[in-house]
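Subject: Structure for your review

Dear colleague,

Please find below the structure that I am handing over to you. The findings follow directly after it.

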Amino acid sequence: MEKQIIEILNLEILEPGTFISNTIMAAACFVFFSNLKKVSVTKFDKYLSNYFLYMALSGLTGAFAHSFYLYTGKFLHVITWIITGIAIYYIEYGLSPNLKQKDRFLNFAKIQLVLFIILVTFFQDFIVTKFNITLG
């Protein structure tokens, strides 16, 4: 599969379009985070705002993970995926007051996060993240 490469200061930067789109998504998520943080009343509102904070961090690290893959390998991708898993954890916590069996669900969310981090670290494949997002 061919990838776009640009060269800046003798650095080969992969997928500049992905860098731009991830950075835009990260900026939007950070705006959502800061706006939600201002109006947060309950701890569950804070969990929802933290979701956007971690998605912003994930977008930023993902932008650099794609662009500098030739230099960092999968390391930054794995970090990005773990941050995304933490974001999923926060959205689950933020939406939990709407559930009848909230305590069981929150225990499930904790176990899901731990298993996700173990699996994504072991397999180092985006399919684990896709599964975690779907499950979340």
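Helix H2 supplies the largest share of the lining of the largest pocket, namely five residues. Please keep in mind that the model is a predicted one.

The volume of this largest pocket is about 200 Å³. Its lining is made up of 14 residues, and those closest to the centre are Ser 58, Thr 80, Trp 81, Thr 84 and Phe 126. Two or more lining residues come from each of H1, H2, H4 and helix H6 (126-135). Sorted by class, the lining holds nine polar and five nonpolar residues, with no charged ones.

Helix H2 covers residues 43-67, and Ala 65 is found in it. Is Ala 65 buried or exposed? Ala 65 is buried, because its relative accessible area is 0%, and the cut-off for a buried residue is under 20%. Not counting residues up to four places away in sequence, Ala 65 touches Leu 76, His 77 and Thr 80. Although Ala 65 and Leu 76 are eleven residues apart along the chain, their C-alpha atoms are separated by 4.9 Å.

Helix H4 comprises residues 75-95. Of its 21 residues, 16 are buried, so that H4 is mostly covered. The length of H4 can also be checked: at 1.5 Å a residue, its 21 residues should span 30 Å, and the end C-alpha atoms are 31 Å apart, which agrees.

The next topic is the pair of strands. Strand E1 (5-8) and strand E2 (11-14) are separated by a loop that contains Leu 9. E1 and E2 run antiparallel and are joined by four bridges. Ile 5 stands opposite Leu 14 in E2. The hairpin of E1 and E2 has two residues between the strands, and there Leu 9 takes a positive phi near 50 degrees, although Leu 9 is not a glycine.

With regard to accessibility, Leu 9 counts as exposed because its relative accessibility is 79%, and the cut-off for exposed is over 50%. Glu 15, by contrast, is buried, with a relative accessible area of 14%.

Yours sincerely

Note on methods:
Residues are numbered from 1 along each chain as its sequence is written. This is a predicted model: local features need pLDDT of at least 70, side-chain atom pairs count only at pLDDT 80 or more; totals for chains, interfaces and linings use all residues. Side-chain values use heavy atoms; hydrogens and water are left out. Buried means under 20% relative accessible area, exposed over 50%, partly exposed in between (1.4 Å probe, protein chains only). Two strands pair if DSSP finds at least two bridges between them. Contact means heavy atoms within 4.5 Å. The expected span of a helix is 1.5 Å times one less than its number of residues. On a 1 Å grid over the protein atoms alone, a cavity is a set of points where a 1.4 Å probe fits but cannot get out, and a pocket is an open set with protein on both sides within 12 Å along at least five of seven lines; lining residues have an atom within 4 Å of a point. Grid points are joined across faces, edges and corners, and a volume is the space filled by probe spheres set on the points. Ala, Val, Leu, Ile, Met, Phe, Trp, Tyr, Cys and Pro count as nonpolar, Asp, Glu, Lys and Arg as charged, and the others, Gly among them, as polar.
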